[in-house]
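Hi everyone, thanks for making time for this.

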Amino acid sequence: MKPAFVLLCYLSGLPAGTMYLASVNNCNYYKDRLTKQEIKIQGEIKKYDCYCKLVNVNKDMRLY
């Protein structure tokens, strides 16, 4: 097992994606740029909320 930072993004409360990163600085970079972005879907405006979390992953998992 090795430590990693997972970027969790939600679109109006629904899971929208995850990304595993090797550095907390990279995680915060993407979090800052994705959070509060707005998307218009069927006339409704939805916003992204993203969070960084420290997790353990398998040694074979690729980290960005």
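Let's start with Cys9, which is buried, with a relative accessible area of 9%. Keep in mind that this is a predicted model, so everything I quote is computed from it.

Who is the partner of Cys9 in its disulfide? That's Cys50, with 2.2 Å from S to S. Cys50 is buried too, at a relative accessible area of 5%. The torsion about their S-S bond is about 110°, and so we call this disulfide right-handed. As for where the two ends sit, Cys9 is in strand β1, residues 2–11, while Cys50 is in strand β4, residues 44–57, so the bond ties together parts that are 41 residues apart in sequence.

How many disulfides are there? The count is 2. The other one is between Cys27 and Cys52, with the sulfur atoms 2.1 Å apart. Here the angle about the S-S bond is -115°, and the link is left-handed. Now, buried or exposed for Cys27? Buried, at 0% relative accessibility. Cys52, on the other hand, is partly exposed, with a relative accessible area of 27%. If you count the bonded cysteines along the chain, the pattern reads 1-3, 2-4.

Next, the sheet. It's an open sheet of 4 strands, in the order β2-β1-β4-β3, and the pairing is antiparallel. On average, neighbouring strands are turned by 30° against each other, if you ignore direction. In our model, β1 and β4 run antiparallel and are joined by 10 bridges. As one place to look, Lys2 stands opposite Val57 in β4.

And where does the helix go? α1 packs on the sheet and touches β1, β2 and β4, and its direction makes about 5° with that of β1. At the N-terminal end, α1 is capped by Ser23, which has a side-chain oxygen 3.1 Å from the backbone nitrogen of Asn25. After α1 comes Lys36, with a positive phi near 70°.

Then there are the aromatic pairs, and the count for those is 2. One of them is Tyr29 with Tyr30: the centres are 5.3 Å apart and the planes make 85°, and that's edge-to-face. Both tyrosines are partly exposed, Tyr29 at 43% relative accessibility and Tyr30 at 35%.

Last stop, Asn56. You'll find Asn56 in strand β4, and at 54% relative accessibility it counts as exposed. Which residues does Asn56 touch, leaving out those up to four places away in sequence? Met1, Lys2 and Pro3. Ala16 is another story: Asn56 and Ala16 are 40 residues apart in sequence, and their C-alpha atoms are 21 Å apart in space.

That's my tour, so over to you for questions.

Terms used:
Residues are numbered from 1 along each chain as its sequence is written. This is a predicted model: local features need pLDDT of at least 70, side-chain atom pairs count only at pLDDT 80 or more; totals for chains, interfaces and linings use all residues. Side-chain values use heavy atoms; hydrogens and water are left out. Rings of Phe, Tyr and Trp (its six-membered ring) pair if their centres lie within 6.5 Å; planes under 30 degrees apart count as stacked, over 60 as edge-to-face and the rest as tilted. Buried means under 20% relative accessible area, exposed over 50%, partly exposed in between (1.4 Å probe, protein chains only). A disulfide is a pair of cysteine sulfur atoms within 2.5 Å. A polar contact is a pair of N or O atoms within 3.5 Å; within protein, one must be able to donate a hydrogen and the other to accept it, and residues adjacent in sequence count only if both atoms are side-chain atoms. Contact means heavy atoms within 4.5 Å. Two strands pair if DSSP finds at least two bridges between them. Axes are lines fitted to C-alpha atoms, for helices over the stretch in contact, and angles run from 0 to 180 degrees between N-to-C directions.
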